[in-house]
Amino acid sequence: MNTKTIIGLEIHVELATKTKMFCSCKNEFGAVPNTNVCPVCLGHPGALPVMNEKAVELALRAGLAFNCDIANDQKMDRKKYFYPDLTKGYQITQFDKPYAQNGYVELSTGKKVGLIEIHMEEDTGKSNHDEEGRTLMDYNRAGVPLIEIVTKPDINSPDEAREFVEALASTLRFLEVSDCIMAQGSMRVDVNINMVNNDTGNKTNIAEIKNMNSIKAIEQALAYEEERQRKLLENGEFGIKETRRWDDEKLETIHMRNKEVGNDYRFSVDGDIPEIYLNEDYIKDIEENLPELPTQKQSRYIKEYEMTEYDANLLANDRELAELFEKTNELVNDPKISANWILTELSRRLNETEQSPSTMNLSIENFAKLINLAKDDKVNNNVAKKLLREIFESNEDPEKLAEERNLLLISDSELLEEVVNQVLEENPESIEDIKNGKDRAFGFLVGQAMKKTKGKGNPVEINNLLKEKIGE
């Protein structure tokens, strides 16, 4: 059976503001439950919301970066439903006039995944279920500013869905719109999937899988649904329009409820929030101040630094790594060497200690000094790697450490020439072997010179001196 998978995503992203969407309560993850709350975000009678201007600015950054058309006229609506996480009985959102429409995100294949819209709204509280079967409500998250990004059904595989979410999150981090930490709920993904039998035109009904909290879960849930819905088509069935959830332990999607429709929410304009007007100068100012985005940065690294596509992708899609690379390279002035040290030795240290460039103790200045020591052949690479392991924790000056411990390579030309002369006098047969085309003999001579200097002779200088004298 020839089938096609049709996938659309709805992605909720918490905005990185200091305060909530409509009040001055802190927007803070991990606080003691129900401490960042007030009459406004708890929905007390008579409490009036006030729009957070920073939230509007961050939302616009996302819309502009994803090539959307921005609406000048804005309004907020009430989406009504009853659930314990929604104290007001309605959620403030944008229904029929989203602030951004018709954008896209480009994948590595060149395929453009269209965006139907991005709209602003507030988050709800969090339900915590304990072992005794009770549900405890934490309203710290209620009222946190969100954007919801809704894609067109342009995605056709779990792999494309993964790449889309990764590209989206990378861009939002660069924009400083959100940290997009899925484990903390600052980015949550709902996936909609159905399948079509290309031979008959029959389609399964759309299944929505709610609140995916990891890239791996998204891929696994979509792969499971592909298989489940393919079997439905094989049996001549179409399933029902439903909401399902992903079970990480059973590795399967499970039916939750039949899918709601728009009429169930009884949308209406929020009369407490005045209409918003965004003039063109305001929008243009935000657009002109957008940072260089990951795809632009990657292209520049490849063109300007002659970096491989693989290395450029690793650096450009991580905002902290990209900033570290650029600041380090300013001091090293060798992009290939800087990138290599960051992507190998430093990344190994970061992964082992579960740190990021912004949380590590090592300063960029001392890291660059270390790279320059190795680059300028003042210490050999093995010594430099050992020094990195030490200064990564202590942030000591690597030049001072190398000098205090007598680790600096000998570059004194007169001393090295004397050593090379001794080696040549002691090994005349190796000179003859070299002249007869036996290249191994040259390596032997270098090794003898390094041995006489107790491993501290500058290998580049020794190589040059040996070539010069044997040539004579």
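How many salt bridges does the count come to in this structure? Under the rule that a side-chain nitrogen of Lys or Arg lies within 4 Å of a carboxyl oxygen of Asp or Glu, the count comes to 36 salt bridges. The model is predicted, so local features need pLDDT of at least 70 and side-chain atom pairs count only at pLDDT 80 or more, while totals for chains, interfaces and linings use all residues. Residues are numbered from 1 along each chain as its sequence is written, and side-chain values use heavy atoms, with hydrogens and water left out.

Side chains of opposite charge can pair when their charged atoms come close. Helices (H or I, at least four residues) and strands (E, at least two) are DSSP runs, numbered from the N terminus. Asp272 has 33% relative accessibility and counts as partly exposed; the classes are buried (under 20% relative accessible area), exposed (over 50%) and partly exposed in between, with a 1.4 Å probe and protein chains only.

A salt bridge also joins Lys88 to Glu122, with 2.7 Å between the closest N and O atoms. Here too distant parts of the chain are linked, 34 residues apart, with Lys88 in the loop between E4 and strand E5 (90-93) and Glu122 in strand E7 (residues 112-122). Lys88 is partly exposed at 23% relative accessibility, whereas Glu122 is buried at 3% relative accessible area.

In the salt bridge between Glu225 and Arg244, the closest N and O atoms are 3.4 Å apart. Because Glu225 lies in helix H3 (residues 215-234) and Arg244 in strand E13 (residues 242-247), the pair ties together parts that are 19 residues apart in sequence. Glu225 is buried, with a relative accessible area of 0%, and Arg244 is buried at 9% relative accessibility. Elsewhere, a network of salt bridges links Glu292, Lys297, Arg300, Glu304 and Glu326.

The backbone supplies a further topic. Cys180, a residue other than glycine, has a positive phi near 55 degrees. Cys180 is found in the loop between helix H2 (158-174) and strand E11 (187-197) and is buried at 3% relative accessibility. Glu306, also not a glycine, has a positive phi of about 55 degrees. The loop between helix H5 (294-305) and helix H6 (309-316) holds Glu306, which counts as exposed at 57% relative accessibility.
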